[in-house]
Amino acid sequence: MTGGLRPRRIALISVHTSPLAQPGTGDAGGMNVYVWQTATRLARRGIDVEIFTRATSSDDPPVVAAAPGVTVHNVVAGPFEGLDKRDLPGQLCAFSANVLRAEAAQEPGYYDLIHSHYWLSGQVGWLARDRWRVPLVHTAHTLAAVKNASLAAGDTAEPMMRVIGEQQVVAEADRLIANTSTEKTELVEMYGADPGRVDVVTPGADLDTYTPGDKNAARARLGLDPADTLVTFVGRIQPLKAPDVLLAAAAPLIKADPTGHLRLLVVGGPSGTGLERPRAMEDLAERLGIADRVTFLPPRAPADLADVYRASDVVAVPSFSESFGLVAVEAQACGTPVIAANVGGLGVAVDDGVTGVLVDGHDIDVWSRELAAVLADRPVLERMGAAAVAHAQNFSWEHTTDALLASYGRAMADFRREYGPQRTDRRKRAWRKNRPRVAG
């Protein structure tokens with residue numbers, strides 16, 4: 001690590017979604033997994049991690065000891081329920097105020113570094129950075145300009161307010177974390193980021209949970225027929241993730257299947273603009289005449305999700321945009337090949353022709369042909385599954401944590417060179433003089 005610098009305590013900001021939420025529905029997804037997995041692994045390295053997220057229920061306790069060394073602050077900002085992510089910019093002042101108050105109760109210098117996730121959190125982190133005089137590291141996870149450039153039919157474009165907000169955070173953050181070299185290029189070319197301040201840190205998978213296992217045993221636990229050929233979609237049900245592309249592409253194959261055993265499994269819940277039509281995929285399956293060959297399941301906890309991957313013959317990731325694609329890596333870690341859209345980080349997550357197949361574009365006929373070809377050759381499918389396990393070992397959360405710590409060290413070293421090591425001494429002296437006295 002640069003200069004041997006290492007944070008003692010990190011303020012990790014995740015405004016719009018809690019790492020304690022179940023991924024696969026609402027706003028909970030890969031970012032939740034990323035935040036939780038990196039937070040717990042940083043804590044195992046002896047770093048205290050405090051996560052600030054917006055409370056979404058009156059039952060949420062203000063502070064949760066979520067894991068050894070990991071504390072979650074449920075910050076009250078706006079109504080607990082029914083607040084869409086698009087309305088959250090109006091609550092950033094309330095959220096920021098409560099984050100600053102939490103730090104103000106401590107001696108200055110309490111946090112060594114801020115790591116913000118998603119642009120809303122970056123706005124809060126930017127303010128806290130200037131108040132606390134500590135470096136800000138930011139991970140975008142998704143970028144509005146990228147999403148808008150590859151918008152799914154019928155989906156809603158990200159507003160200009162978000163694009164501007166992202167540009168501000170890119171300009172202010174001390175270091176930016178990109179999931180892949182492709183995302184780094186997007187940050188530089190679309191947002192004017194300084195390439196010298198962008199670190200590529202590839203996300204991982206929980207390789208202790210996502211492991212190969214007995215396919216038939218997994219199907220028995222899920223109540224699935226061992227004779228079926230199973231193609232699976234895992235993720236939030238919204239146009240961006242394109243589950244409709246998979247259903248439309250699979251429909252002619254299902255109808256032409258002489259065995260009657262080709263089946264789709266869709267695991268997830270509505271999210272984003274998908275909330276406007278929560279039964280859209282069920283309705284589409286009916287219109288396509290394949291409703292009896294599609295099984296819909298709600299989001300699963302990691303151990304149960306591993307069974308979903310093991311039970312599958314192929315996992316499909318047809319997204320229009322993915323900064324990385326954790327589902328693809330998790331599936332491969334369980335020994336299941338992946339057919340994925342050749343977008344964003346999926347070209348890194350999937351080794352084309354070796355652990356799965358990358359498909360250019362979202363033409364239904366092309367997807368149908370590629371899917372048919374993958375399913376037609378069982379020996380190739382088995383070889384891909386074996387190669388997928390080995391490929392997934394390159395993506396562990398321990399590797400991610402190592403790279404994050406290196407980026408944190410660079411951010412702290414750069415910040416110290418700019419502001420000097422005594423940047424908080426004046427604040428400390430003032431705090432000690434005026435700190436609240438406890439009666440008795």
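The model is predicted, so local features need pLDDT of at least 70 and side-chain atom pairs count only at pLDDT 80 or more, while totals for chains, interfaces and linings use all residues. Residues are numbered from 1 along each chain as its sequence is written, and side-chain values use heavy atoms, with hydrogens and water left out. Helices (H or I, at least four residues) and strands (E, at least two) are DSSP runs, numbered from the N terminus.

**Two helix pairs**

Two packed helices are described by the angle between their axes and the distance between the axes. Axes here are lines fitted to C-alpha atoms, for helices over the stretch in contact, and angles run from 0 to 180 degrees between N-to-C directions.

- Helix α1 (residues 30–44) packs on helix α15 (residues 397–419) at an angle of about 75°, and their axes are 10 Å apart.
- α1 and α15 are therefore roughly perpendicular to each other (angles under 35 degrees count as roughly parallel, over 145 as roughly antiparallel, 65 to 115 as roughly perpendicular and the rest as oblique).
- On the α1 side, Val33, Tyr34, Gln37, Thr38, Arg41, Leu42 and Arg44 make the contact (heavy atoms within 4.5 Å), and they meet Trp397, Glu398, Thr400, Thr401, Leu404, Leu405 and Tyr408 of α15.
- Sorted by class, the contact of α1 with α15 has seven nonpolar, four polar and three charged residues (Ala, Val, Leu, Ile, Met, Phe, Trp, Tyr, Cys and Pro count as nonpolar, Asp, Glu, Lys and Arg as charged, and the others, Gly among them, as polar).
- Helix α2 (residues 92–104) and helix α3 (residues 119–132) pack at about 40°, with axes 10 Å apart, and are therefore oblique to each other.
- Leu92, Phe95, Ser96, Val99, Leu100 and Glu103 of α2 meet Leu120, Gln123, Val124, Leu127, Ala128, Arg131 and Trp132 of α3.
- By class, the contact of α2 with α3 has nine nonpolar, two polar and two charged residues.

**Helix α6 and its buried side**

- Glu183, Glu186, Leu187 and Tyr191 are buried in helix α6 (residues 181–191) (buried means under 20% relative accessible area, exposed over 50%, partly exposed in between, with a 1.4 Å probe and protein chains only).
- These residues cover an arc of only 100° around the axis, which puts them on the same side of α6 (the arc is that of the directions from the helix axis to the C-beta atoms).
- The buried residues of α6 pack against α4 (144–149), α5 (160–172), β7 (175–178) and β8 (198–200).
- Thr182 is also found in α6, and at 35% relative accessibility Thr182 counts as partly exposed.
- Thr182 and Gly345 are 163 residues apart in sequence, yet 7.1 Å apart in space, C-alpha to C-alpha.
- Gly192 follows α6 and has a positive phi, near 70°.

**Helix α11, an enclosed helix**

- Eight of the eight residues of helix α11 (residues 326–333) are buried, so α11 is largely enclosed by the rest of the structure.
- The buried residues of α11 include Glu330 and Gln332.
- Gly335 follows α11 and has a positive phi, near 90°.

- Tyr118 is not a glycine, but has a positive phi of about 80°; Tyr118 lies in the loop between β5 (113–117) and α3.
- Tyr118 is buried, with a relative accessible area of 4%.
- Ala242, also not a glycine, has a positive phi of about 60° and is found in the loop between β9 (229–234) and α8 (243–256).
- Ala242 is buried, with a relative accessible area of 0%.
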